[in-house]
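This report describes selected helices and their surroundings. The sequence and structure are shown first.

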Amino acid sequence: MPRLITGPIDFSRALMIGATIAIFAFQVQTPAAQAQEAEAVTPRTELLRSDLAIDRSMGAFNDPAILRQRLQTPPEWPAPRTMPPYSQKPLNDGSNFCKLYPNNCG
Amino acid sequence: MKNPKAGMAEIAGQCIQGWNMRNRNRLLPIFLLAGAIFVNWPGLAQARISGEAFVASPAANAFKAGDFNGALAGFEAMLTEHPDDPLILRYIGISHDRLGDFAAARKAYERSLAIEPDSVSTRYFLAVTEYKLGDNDAARKDFQSVTDVAPASDYGRSATEFLAAIGTAPAPEPTRLSGFFQLGFQGDSNVNAGPGGSANRNEAFSEYLGIEYALVKTPALTVSLKGSGYFTQYPDPVANDYDLMQGSVGMDTSYVTAMGGVPVMPGIAYNYSKTWLRGNSYGGNHSVVASLGFGLGSNAMATAKYSWSMADLTDDGTAPATTSRDGVSQSAGLSTNIFFANRKAALTLGYDYGWANTEGDNGDTASHSGSAGLWGRLPWEIDGQLSYGISRTDYTSYRGPLPRESTTRSINVSLARNITEKIKASVAVSDVVEESPDYPDMSYDRTIYSFSLGYQF
């Protein structure tokens, strides 16, 4: 019966053979994996396309909650209030404020 | 010695023959069953309803007409003919959702996803329902999954809009009553000095409380009653004499629908506010604002707005024909929001034309105003805003030695961050400069900085 290994094991040769087998296996594996992945993506894309056509036709996106998000403006929390405009040195129009603080009206 | 290959073939042949002999009778039914499954496989596939047949079904027509009770009954009946059909289950979910039964909707979507886990559509509608349930963590995860798989689709774009809303605002309150309380501290470079003539720079503490009660709260229509109170305390004893207090009550309503595929949101709001100075009424103001928001493509929206307000001040001045500011102000304008960076930033542009007609000639004005702003989500989840506004006002009936015109420029910068989901801290600086070239005494420059903590409940 033929012997695969004769004499003491040459580790560097074993490593080289192992690496060659690994690279070969990887090269064989990669296209296979890619093909498998492509097969997996295609039905998903097809499903997405058909679902989208159905959902559009049904008007499923016309949910008011979805529409409100489309019209969402940047967040606005109530801003700190400031003194009313009469703090801006208003026209001296004889108003209550100007009677109280005559020096502060223009 | 036998040829090893011939020996192996012989052994294999014997094995197969023996195996066949021993198992033929036992395996026959299994082969027949497998054959039947194979032959009938296309028939099994047809157990799922086709898209065309589904869209043309009476239940689908009821759904399209907005009869969600009828649609739900129809879809459930269709399940007996097409058991566990993921498409029918999805529309049972959407129908439950539109009827407001979010828990039942979630169950139907999860049942559909158990059969068809790759459906982006079902995962998207599940996330919408989770958002309505206030389960932001689950909604965020599912919306994110949709944007990862199909970012450029209708699902991905809409999921991005929801993710932006989840990332920047507290979860929508499921109750009818909600409120906002804010504690603030602000410095103002142009508070009027009191009669004692103290410096016009001042600091103030303020409290604001706003309460809202939703009379109607459906996804399409909201009608709310609102009330608010605002109080200030100035550490400076002279300025504190102002004892400023403001209160307001109002009603808001908005409705959202789609017209020709474009989302539109008309709204109308009424508000009455009253101001007191040192315990005396300073004046009141009624206002009505009508607005129409509408979508502009997938990354922009615009709002057209018209507002009308009527002021009634307690004191009309020494010569009401000139000095009274009682009267009506109106404005009409358009603002747009253009979103980018997955809705984590927006550019806002606006224009308004306003005019006022008061009892006293000096209050009559016509003005053009423009504004530009930038909002964006910064590192550490800080919301930053920067805005600039300019307006030119013409005092149309001014009684004075010279005509009066003024130009007002303002710049605002603010940074805000949520400390918890309901508490937000913000710092802001604003500067306003009004110039009236022919009346220098009426020109002013005012800088306000503020720090505030807000709690939403």
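## Model and numbering

This is a predicted model, in which local features need pLDDT of at least 70, side-chain atom pairs count only at pLDDT 80 or more, and totals for chains, interfaces and linings use all residues. Residues are numbered from 1 along each chain as its sequence is written, while chains are lettered from A and ligands numbered from 1 in the order in which they are written.

## Chain A

Chain A has 3 helices and 0 strands, in the order α-α-α along the sequence. Helices (H or I, at least four residues) and strands (E, at least two) are DSSP runs, numbered from the N terminus. Of its 106 residues, 25% are buried (20 or more other C-beta atoms within 10 Å of the residue's own, with C-beta atoms placed from the backbone).

## Helices H5 and H6 of chain B

H5(B) (residues 86-98) packs against H6(B) (residues 102-115) at about 165 degrees, with the axes 7 Å apart. Axes are lines fitted to C-alpha atoms over the stretch in contact, and angles run from 0 to 180 degrees between N-to-C directions. The two helices are therefore roughly antiparallel (angles over 145 degrees).

## Helix H7 of chain B

H7(B) (residues 120-132) has 13 residues and spans 19 Å from first to last C-alpha, close to the 18 Å expected at 1.5 Å a residue (1.5 Å times one less than the number of residues). H7(B) is largely enclosed by the rest of the structure, because 12 of its 13 residues are buried. Among them are Arg123(B), Phe125(B) and Glu130(B). Gly134(B), which follows H7(B), has a positive phi near 80 degrees.

Key
Parallel < 35°, antiparallel > 145°, perpendicular 65-115°, else oblique.
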